[in-house]
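This briefing covers helix packing and nonpolar cores in one protein model. Please look over the structure before reading the points below.

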Amino acid sequence: MIEAHSFKGRKVAVFGMGMSGLAAARSLIAGGAETIVWDDGEKGRDAAKAAGLPVQDLREIDWRAFDSLVLAPGVPLTHPEPHWTVKLAQANGIEIIGDTEIFFRERRRAGAHCPVIAITGTNGKSTTTALSNHLLNAAGRTSVCGGNIGKAVLDLPPFVDGQHYVLELSSFQLDLTPSLDPDAGILLNITPDHIDRHGSLEGYAAVKETLFANMTGGGTAVIGADDALCDAIAERATARGVRTLRISSTKPVATGIYGEGSGLFEVTDGALQNRASLSGIGSLRGAHNAQNAAAALAATRSLGLPWATLVEGLKSFPGLAHRMQEIRRIGHVLFVNDSKATNADAAERALLSFTNIYWIAGGKPKAGGIEPLTPFFPRIKKAYLIGVAAEEFARTIGGRVPVSMAGTLDRAVAEAAADAAAQDGGEDAVVLLSPACASYDQYPNFEIRGDAFRVAVEALSAPAKEKAA
């Protein structure tokens, strides 16, 4: 745990008793802050009581006596309207921060040399976070990751010289971290998301840009060059004197790292410095993962790691569960769990990464359905539709792809596995779970849906010749 000693003797209210809120409260108390906690939900209050935290309704306190409100990132700060705790704190002139702000204040107070890579973007954050952390550890650095992935930031190990931190940060967390100052900041991409929480796409992009607001000459901004919003942010960072590296999966860059085919190329002032290949690395398949790998390489390079060591680290990256995760190969059929693809935009990345696809899709549909995926239907041999979205998806597909109304995931896996194994010529095929839907009609979350896919795949019998081998 990172103890919040910079809050010693101060009075702090903590709202939202999820993972980060509980960790923040424990950190503040351990650091000597007078702390009370609250949650609108009984489940959250019960979790706080079970942890031995001082629970008190924040409607009943004298806000004038408090110094800070620590807000869980899922609680509205501005849109669609500020939460009632936010309004009370603002009315009394009290700062509103998140657990990540406590993390950065404590790093400054500790004074230890602890490099931090902070990662944000609409898509690819988790893979880039996990990969950056893996590359650091594979190179012999001591590194941990947390934030929007894995552990709450204040549950990470304390600050000591040489300890590295890789933090995945959502726009909600950035909104609550005014003194954020990573050694390397990665902004992967910006596409419309969380508009209800930020008011507009421009508001969402402005929050993402705060990742670089406090960067000095010693920090490095790693910014995607494949969308106009990020490109403009990179231009502004460069104009402010921030060392800026661009990354791309679609075009060369003058300074930074870009992907072309299966290759990755490091360029400095227009001159090619190094190259690597992602060919054969199943956990980094697809153009989107070329961008993720380019970002992770650029950030870790900025911390002084040698190219050759990092390239070796790429080869041993296991990938993340439920994100284009290779589960098993049976004969010529590869089974891939992409349960995290809960919308068409995410599923597009998987469909672009394979051909000869036996596609399992469906669940609770998102706005727009799978209409954006029609250009990729020629890659699909057959679709196996499950959940509430099955009929809607079947109408969108029409007669362009054979369809099975499988209904349930276990039936879809069995049918897809049999069809893929029986295809003419024994050509390589993939049974791909990339649902383009939320899971909530049949599963509590995408993780449980992905686990169900894995269990069903692992239960499949191998062909007789594979068993004999």
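The model is predicted: local features need pLDDT of at least 70, side-chain atom pairs count only at pLDDT 80 or more, and totals for chains, interfaces and linings use all residues. Residues are numbered from 1 along each chain as its sequence is written, and side-chain values use heavy atoms, with hydrogens and water left out.

**Packing of α8 and α9**
- Helix α8 (residues 201–209) packs on helix α9 (residues 228–239) at about 40 degrees, with the axes 11 Å apart; helices are DSSP runs (H or I, at least four residues) and strands are E runs of at least two.
- Axes are lines fitted to C-alpha atoms over the stretch in contact, and angles between N-to-C directions run from 0 to 180 degrees.
- Leu201, Ala205 and Glu209 of α8 make the contact with Leu229, Ile233 and Arg236 of α9, where contact means heavy atoms within 4.5 Å.

**Nonpolar cores**
- A nonpolar core is a set of buried (under 20% relative accessible area, 1.4 Å probe, protein chains only) Ala, Val, Leu, Ile, Met, Phe, Trp, Tyr and Cys residues joined through side-chain atoms within 4.5 Å.
- The largest core has 49 residues, and Leu28, Phe103, Tyr165, Leu167 and Ile223 have the most contacts inside it.
- Helix α1 gives the most to this core, with 5 residues.
- A second, separate core of 35 residues includes Leu188, Leu245, Ala290 and Leu310.

**Contact of α10 with α11**
- Ala293, Leu297, Thr300 and Arg301 in α10 meet Trp307, Leu310 and Leu314 in α11.

How values were computed. Buried means under 20% relative accessible area, exposed over 50%, partly exposed in between (1.4 Å probe, protein chains only).
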